[in-house]
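Please look over the sequence and the structure shown here before reading on.

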Amino acid sequence: MYLIGQACYTAKNHGRSLMLDIIRCGNHTLLTAVNNPLNIQQDWFAPNYWQRKDAIIAEKKGRSTTWFFDYSGGVGVLRHYWRGGLIGKLLSDQYLYTGLTKTRTYQEYVLLAELEKKGLNVPKPLAAKISKNGLIYRGDLITQAISNAESLLEILKNRPLTLAEITHIGQTIADFHRQGVFHADLNINNIMLDNNGKVYIIDFDRGRLVSPSHWRLKENIQRLHRSFIKEKGRNGSFFWDVKQWDQLIRAYQDEL
Ligand SMILES: Nc1ncnc2c1ncn2[C@@H]1O[C@H](COP(=O)(O)OP(=O)(O)O)[C@@H](O)[C@H]1O
Ligand SMILES: [Mg+2]
């Protein structure tokens, strides 16, 4: 069987506020920055494509695999959308399609672009792909890798955070909350620290903008607290205690 290259075209009406191009290729829709400056094609979303080029520089295995690849110009991070929980066991990576802008992939891509524009510390979104098949879709997202960064979980297994780092973490969460950014899963895997002490928040699947006074923002803080406690319980060495949580909350509240 021969694979025939699909003709792609850029939809005339750009996405909300002209931040993205919507490129249609058969059953697939690609989202990229306007005019697709990196010339991202469908094959960017296939780990095999980067493997063949010997361009995979790392893989992270959690519930699923995240691929880090070198695209001559930078490092991209490719993540496929997988379902969690009980439904995930049956439907794995399939979601009900009710319109492009309703897909989790579209929503995360657009939210990241908006947050980046607001000057918040998030990974830059490079592209997203939504593949539709009848009533279902599958999704993938590519972000720019945050260089020389580790998650709080990775760090705390090896050393405690300094007071300056804890303060930056509290302040960074407050920066997001002052702008009404609700994160659907704020845990210590989704907060990263680079080697200049800059704090990033990642993984905005199901995140959204709410009013800065919205009660749900408190859930982020409670979720984060539970995540420190849970990881302390399950990791032999974990450099974290109550005093540090108090410092984080103080920095958060001072900045709010
Ligand atoms: N842009 C990025 N730069 C650096 N590391 C990243 C980036 N995006 C994801 N990662 C790493 O990959 C892991 C998984 O990515 P994430 O977006 O949190 O997906 P999920 O939690 O759904 O697997 C993160 O915990 C982080 O270590
Ligand atoms: Mg995550």
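**A helix and its surroundings**

The buried residues of helix 3 pack against strand 2 (20-25), strand 3 (28-33), strand 8 (125-133), strand 9 (136-144), strand 11 (181-182) and strand 14 (208-209). Helices (H or I, at least four residues) and strands (E, at least two) are DSSP runs numbered from the N terminus, and two residues are in contact if their C-beta atoms, placed from the backbone, lie within 7 Å. This is a predicted model, in which local features need pLDDT of at least 70 and side-chain atom pairs count only at pLDDT 80 or more, while totals for chains, interfaces and linings use all residues. Residues are numbered from 1 along each chain as its sequence is written, with chains lettered from A and ligands numbered from 1 in the order in which they are written.

**Helix 3**
- The buried residues of helix 3 are Thr105, Tyr106, Glu108, Tyr109, Val110, Leu111, Leu112, Ala113 and Leu115, where buried means that 20 or more other C-beta atoms lie within 10 Å of the residue's own.
- Helix 3 has 14 residues and reaches 20 Å from its first C-alpha to its last, close to the 20 Å expected at 1.5 Å a residue, the expected span being 1.5 Å times one less than the number of residues.
- After helix 3 comes Gly119, which has a positive phi, near 85°.

**Nonpolar core**
- The largest nonpolar core has 48 residues, and those with the most contacts inside it are Leu31, Tyr109, Leu112, Ala127 and Ala128; such a core is a set of buried Ala, Val, Leu, Ile, Met, Phe, Trp, Tyr and Cys residues joined through C-beta atoms within 7 Å.
- Helix 3 (residues 104-117) gives this core its largest share, seven residues.
- Leaving aside neighbours within four places in sequence, Ala128 is in contact with Leu31, Thr105, Tyr106, Tyr109, Gly139, Asp140 and Leu141.

**Domains**
- The domain assignment, which is automatic or from a database, gives domain 1 (8-144) and domain 2 (149-255).
- The C-alpha centres of domain 1 and domain 2 lie 25 Å apart, and their contact takes 10 residues from domain 1 and 15 residues from domain 2.

**Ligand 1**
- Of the 17 residues around ligand 1, Thr66, Pro123, Thr143, Ile146 and Asp203 come nearest, a residue being near if its C-beta atom, placed from the backbone, lies within 6 Å.
- Strand 6 (75-80) and strand 10 (149-151) are the elements that give two or more residues to the shell around ligand 1.
- The shell around ligand 1 draws at least three residues from each of domain 1 (8-144) and domain 2 (149-255).

Terms used:
A residue is buried if 20 or more other C-beta atoms lie within 10 Å of its own, exposed if 12 or fewer, and partly exposed in between; C-beta atoms are placed from the backbone.
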